[in-house]
Amino acid sequence: MEHRLLEYFIAVAEELHFTRAAERLGITQPTLSHQIRLLEQELGTPLFQRTGKKNYLTQAGEILLEHARRAVYELEQAKRQIKQLSGLQQGHLRIGCSGNHLLESKLISFHRQYPGIGLTVLELATEETYNGLMHNQLDLGVVFLPLQDEQIVTKPLYDEELVLVVSDRHPFARMAEVPVGHLTELPLVLFPPKFYVRQLFDASCAEGGVVLKPIMELSTMESQVHMVRHQAGGTVLPSSYAQTLIGTDLGSGVAVVPLSEPTPRKKVGLVYRKSTSLDFALQAFIEHLTA
């Protein structure tokens, strides 16, 4: 069974849509359909069934997906180890991150030190990063901890605290710090519940007996700040990101105000699969982050 056929099958199994899978793979839909038929002929059983306009994995397809992912993952690990033998300072890392601000300065210094190593950084929720690691779509994640799984290695990096971002015309902008309970007086624009920053904030509110209902939920910090600039309300963001707003066009017209103790805070750490082969590129990046 060809490795290429397994990659095609995984793409269709994850997308459950032949056209989207073909676009993802950079081939035509008829070509992809033909390759899947060849794989089904080789195995002697259908891998997909179509109900209405939707595709579903058959039982055989579900079994193959589990083993195909494992096979592709093991092949990638073999490639890593072979490259490591040559000692080449090159490679490409796929990184899931709970906010690019968590890595920005480190990315710049790492690229200067290792210009031959390519980086793809995707801004993802913690759960999405975890799934990317487990499905061999990511090599490393930088997320809010804890992320507890016996297959995952975690290395704490630093503590991150949440701060309030409001219009510089709002009365809260003139306060040294704002108690979480006072936020009931402010319309809030927050992350959707699937994001860890939102979960952390909600947990802090619950501990203080505070119930907050946002007027708007947006999935990017930039969009939340835009709403604040237009005085739609305030938002609660990681301090490391909020501090990057100071002196920028995006940050004009807003103020960053600490939340009073107990300030919502959580540890940021890097995560990767325990079975991952630490080739030169990955080892260098980990050491750079933890130095």
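Biologist: Between which two elements is the loop that holds Gln-231?

Modeller: Helices are DSSP runs of H or I with at least four residues, strands are runs of E with at least two, and both are numbered from the N terminus. Gln-231 has its place in the loop between α8 (221-229) and β9 (235-238).

Biologist: What kind of model is this?

Modeller: Residues are numbered from 1 along each chain as its sequence is written, and side-chain values use heavy atoms, leaving out hydrogens and water. Local features need pLDDT of at least 70, side-chain atom pairs count only at pLDDT 80 or more, totals for chains, interfaces and linings use all residues, and the model is predicted.

Biologist: What is the phi of Gln-231?

Modeller: Most residues other than glycine have a negative phi. Gln-231 is not a glycine, yet its phi is positive. The value is about 60°.

Biologist: Which class does Gln-231 count as, by relative accessibility?

Modeller: With a 1.4 Å probe and protein chains only, buried means under 20% relative accessible area, exposed over 50%, and partly exposed in between. Gln-231 has 47%, so it counts as partly exposed.

Biologist: Leu-16 is not a glycine either. What is its phi?

Modeller: Leu-16 is in the loop between α1 (3-15) and α2. At 32% relative accessibility, Leu-16 counts as partly exposed. Its phi is positive, near 50°.

Biologist: Is the peptide bond from Leu-145 to Pro-146 cis or trans?

Modeller: Most peptide bonds are trans. Pro-146 lies in the loop between β5 and β6 (152-167). Omega from Leu-145 to Pro-146 is near 10°, and the bond is cis.

Biologist: What is omega for the bond that joins Glu-261 and Pro-262?

Modeller: Pro-262 is in the loop between β10 (254-258) and β11 (265-273). The bond that joins Glu-261 to Pro-262 is cis. Omega is about 0°.

Biologist: How are α2 and α3 oriented to each other?

Modeller: Axes are lines fitted to C-alpha atoms, for helices over the stretch in contact, with angles from 0 to 180 degrees between N-to-C directions. Under 35 degrees counts as roughly parallel, over 145 as roughly antiparallel, 65 to 115 as roughly perpendicular, the rest as oblique. The axes of α2 (residues 18-25) and α3 (residues 29-43) come within 9 Å and cross at roughly 100°. The two helices are therefore roughly perpendicular.

Biologist: Which residues of α3 make the contact with α2?

Modeller: Contact means heavy atoms within 4.5 Å. From α2 come Phe-18, Thr-19, Ala-21, Ala-22 and Leu-25. From α3 come Gln-29, Leu-32, Ser-33 and Ile-36.

Biologist: How many aromatic pairs does a search of the whole structure find?

Modeller: Rings of Phe, Tyr and Trp (its six-membered ring) pair if their centres lie within 6.5 Å; planes under 30 degrees apart are stacked, over 60 edge-to-face, the rest tilted. The search gives a count of seven.

Biologist: What is the centre to centre distance for Phe-110 and Tyr-114?

Modeller: Phe-110 is buried at 0%, and Tyr-114 is buried at 14%. Their planes are 45° apart, so the pair is tilted. Centre to centre, the distance is 5.0 Å.

Biologist: Which type of aromatic pair do Phe-110 and Phe-285 form?

Modeller: The ring centres are 4.9 Å apart, with 85° between the planes, and the pair is edge-to-face.
The pair links helix α5 (residues 104-113) with helix α10 (residues 280-290), 175 residues apart. Phe-285 is buried at 0%. The type, again, is edge-to-face.

Biologist: Over the ring of which residue does the charged end of Arg-273 sit?

Modeller: A charge sits over a ring if NZ of Lys or CZ of Arg is within 6 Å of the ring centre and within 35 degrees of the ring normal. For Arg-273 the distance to the centre is 3.6 Å, and the ring is that of Tyr-73.

Biologist: Which residues is Asp-139 in contact with, leaving aside neighbours within four places in sequence?

Modeller: Asp-139 is in the loop between α6 (126-134) and β5 (140-144). At 6% relative accessibility, it counts as buried. Its contacts are Arg-80, His-92, Leu-93, Arg-94, Leu-133, Tyr-272 and Leu-282.

Biologist: What share of the 291 residues of the protein chain count as buried?

Modeller: The chain has 10 helices and 11 strands. Its C-alpha atoms fill a box of roughly 70 × 50 × 35 Å along the principal axes. The buried share is 43%.
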